[in-house]
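Here is a structure to read by its cut-offs.

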Amino acid sequence: MATDTVTDVFEEHRPVLTGVAYRMLGRIADAEDVVQDTWLRWSAQERDDVREPRGFLVRITTRLAIDRLRHVQSRREAYVGPWLPEPIATHFGPSVPDTAEQAVLADSVSLAVLVVLESLSPLERAVFVLREAFGFPYAEIAATLDRSEAAVRQLAGRARVHVDERKHRYDVDPAECRDLTERFLSAAAGGDMEGLLSLLAPDVRLVGDSGGKAKAPLRVIESADKVGRFLFGASRKSIADLDFRFVELNGAPALLILSGGKPDSVFQLEVLGGRIQCVYIIRNPDKLVSLASLDAA
């Protein structure tokens, strides 16, 4: 196989490899490292007997991601405050024309699902990602993980039940989420406490991720009154040279707040029945670097 063909084949499948690695690890840098290691192994591999490059590359990526996940899990146990995945820009429209497939991809990369996936074992997570997000056959997943097909089906069933039990329900209509986010921003910025509370579900949760490197709650805040008071207080604090952008992150509308042209915070809402069920706030500067060049949605 010529060098240019080797590169072309890899680049053709890079989006899938990156998608698998990111869903496995929840961090862009870790995913990129895994994909780079996959490239090194692919470029050095004897490929004469490789009949299906996509399956071969996904197999390498998945195994590398499992190894890395086992390593980073201990690092996350020492994380300061709640841990949320690093937000990633998504735009499934032109590249994924089928609306049902768009919904599956968006859901599998959502913050809500990725948070739940953190509680799965590495093998369960790998099976869930390959099966639910990318639709790989059980037999192919079994070959990837060096397990029997029966064992993979058991892992898949266990992971699916676990995710269904722990994932919060939410609406996925982007227009409704965008509208509620705009009303949320208007109420918070305008000091309208009553208007803000009217948007919050009674049992709303607020999850902040700072990694100890910025100001954010170190525990999950629950109830409309507590969340409303926190948001109202936060909106009163001045941020230098403030700017807002609506962007699509992890398959859903999000609010990117910039200070002096640099990302300061990401707000994303889970919505159900016209009420905000959960507010995610990401302020760890390490997780916002990749968002600096995003255009408004």
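Q: Why does Arg68 count as partly exposed?
A: Arg68 has 24% relative accessibility. Buried means under 20% relative accessible area, exposed over 50%, and partly exposed in between, with a 1.4 Å probe and protein chains only. So Arg68 counts as partly exposed. This is a predicted model: local features need pLDDT of at least 70, side-chain atom pairs count only at pLDDT 80 or more, and totals for chains, interfaces and linings use all residues. Residues are numbered from 1 along each chain as its sequence is written, and side-chain values use heavy atoms, with hydrogens and water left out.

Q: What makes Asp33 and Arg68 a salt bridge?
A: Their side chains meet at 3.5 Å, N to O. A salt bridge needs a side-chain nitrogen of Lys or Arg within 4 Å of a carboxyl oxygen of Asp or Glu. So the pair qualifies. Asp33 sits in helix H2 and Arg68 in helix H3, 35 residues apart; helices here are DSSP runs of H or I, at least four residues, and strands are E runs of at least two, numbered from the N terminus. Asp33 is partly exposed, at 36%. Arg27, Asp30, Asp33 and Arg68 are linked in a network of salt bridges.

Q: How do you know that Lys213 and Asp286 meet in a salt bridge?
A: The N to O value is 2.3 Å, so it falls within the limit for a salt bridge. Lys213 lies in the loop between strand S1 (200-209) and strand S2 (221-222). Asp286 lies in the segment after strand S6 (275-282), so the pair ties together parts that are 73 residues apart in sequence.

Q: Why do Cys177 and Cys278 count as buried?
A: Cys177 has 6% relative accessibility, and Cys278 has 1%.

Q: What is the largest nonpolar core, and which residues have the most contacts inside it?
A: A nonpolar core is a set of buried Ala, Val, Leu, Ile, Met, Phe, Trp, Tyr and Cys residues joined through side-chain atoms within 4.5 Å. The largest has 49 residues, and Met24, Trp42 and Leu117 have the most contacts inside it. Its largest share, 10 residues, comes from H1.
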